[in-house]
Amino acid sequence: MNKIKEILTDSIKQLIIHSTSETKINLLKNKHDVKIHFIPYKYRVFGGILQSMNIQFGNFIEKVIEEVILDNENNEIISKYSGIKSNSFTLTKKSDALIDTYITNCQINNYTEVQLKEAFTNLINQIKVNEADNANEIATFKHDVDILFRNKIDNQYYYLEIKYNDDHDTGKYVDINRKLLKTYAYLQRELGQNIKLKPILFYFTNKKMKGNIYLPESEAIYRGKRFFDNFTNIKYEDMDNYMKTISESSETIEAFDKLYNKIVK
């Protein structure tokens with residue numbers, strides 16, 4: 001439990017520091033200084049900082065999960081790829097078209113879980129073949145790599161696309177699954193055909209709010225406890241309990257009180 005508190009407390013401190021730099025505060029001041037609004041200026045600046053922190057919450061979760069993964073000495077984060085933001089990635093045009101077709105087929109065929117697993121396995125196997133052939137034409141796209149890590153024992157690689165929960169709207173939901181598969185193709189091409197790479201859509205929360213028609217739950221989706229049990233030395237229940245109370249911890253309240261006094265008072 002102390003290790004969890006240490007990881008989360010440090011991550012929160014970094015989140016606050018990043019979101020409350022003088023540069024960001026000055027940008028918000030300049031932005032709101034020219035606006036006519038009924039909300040007092042200083043509260044708008046403070047609200048802008050809170051909004052910025054909320055946007056950065058996804059990065060906060062990524063940082064926490066990275067630290068949790070590293071707490072298991074059998075894991076290694078592949079820093080060359082992990083955390084890459086909005087870069088141009090490459091994959092073969094064959095894989096690019098194959099993934100788009102796969103997404104469409106999932107939308108119109110109403111697969112059972114068994115059928116979806118078979119279609120997914122076939123897709124992954126064909127991507128490996130496509131990305132090993134240097135004669136194939138190349139396509140480019142932009143996306144982030146959240147985390148790529150390796151198990152040192154069996155040399156299995158895992159690519160994680162991290163989300164807090166699965167409550168995304170339909171358009172974004174389709175995009176998440178498509179980009180997961182295309183980023184997997186890119187990484188498989190980069191790492192080489194002989195590398196065992198598993199793509200995972202990881203939801204931090206346990207709750208299953210929507211079914212996923214694009215990825216088999218048993219193969220490519222890990223929710224909360226399942227991920228922690230398989231890859232970490234930390235109990236999900238401990239992490240979950242601390243996350244639920246972290247906003248009311250003395251350290252968090254003190255940090256936000258200081259911020260409030262700095263901006264508003």
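## Overall surface and fold

The chain exposes about 14,100 Å², of which carbon and sulfur atoms supply 49%, with accessible areas taken from the Shrake-Rupley method with a 1.4 Å probe and, for residues, only the protein chains shown counted as cover. This is a predicted model, in which local features need pLDDT of at least 70 and side-chain atom pairs count only at pLDDT 80 or more, while totals for chains, interfaces and linings use all residues. Residues are numbered from 1 along each chain as its sequence is written, and side-chain values use heavy atoms, with hydrogens and water left out.

Of the 265 residues of the chain, 46% count as buried (under 20% relative accessible area, with exposed meaning over 50% and partly exposed in between). The C-alpha trace spans about 60 × 45 × 35 Å along its principal axes, and the secondary structure comprises eleven helices and seven strands (DSSP runs of H or I with at least four residues, and of E with at least two, numbered from the N terminus). Among contacts (heavy atoms within 4.5 Å) with a separation of 6 or more, 75% join residues 24 or more positions apart.

## Helix packing

Two packed helices are described by the angle between their axes and the distance between the axes. Here the axes are lines fitted to C-alpha atoms, for helices over the stretch in contact, and angles run from 0 to 180 degrees between N-to-C directions. Helix H5 (residues 93–109) packs against helix H6 (residues 113–132) at about 170°, with the axes 10 Å apart, which makes H5 roughly antiparallel to H6 (over 145 degrees). Residues of H5 including Leu98, Ile99 and Tyr102 meet a set in H6 that includes Leu116, Phe120 and Leu123.

## A residue in strand S6

Lys198 lies in strand S6 (residues 196–203). Not counting residues up to four places away in sequence, Lys198 touches Gln156, Tyr157, Tyr158, Tyr159, Glu219 and Tyr222. The C-alpha atoms of Lys198 and Leu160, which are 38 residues apart along the chain, are separated by 8.6 Å.

## An exposed loop residue

Phe38 is found in the loop between helix H2 (22–33) and helix H3 (41–55), and counts as exposed because its relative accessibility is 75%.

How values were computed: Buried means under 20% relative accessible area, exposed over 50%, partly exposed in between (1.4 Å probe, protein chains only). Angles under 35 degrees count as roughly parallel, over 145 as roughly antiparallel, 65 to 115 as roughly perpendicular and the rest as oblique.
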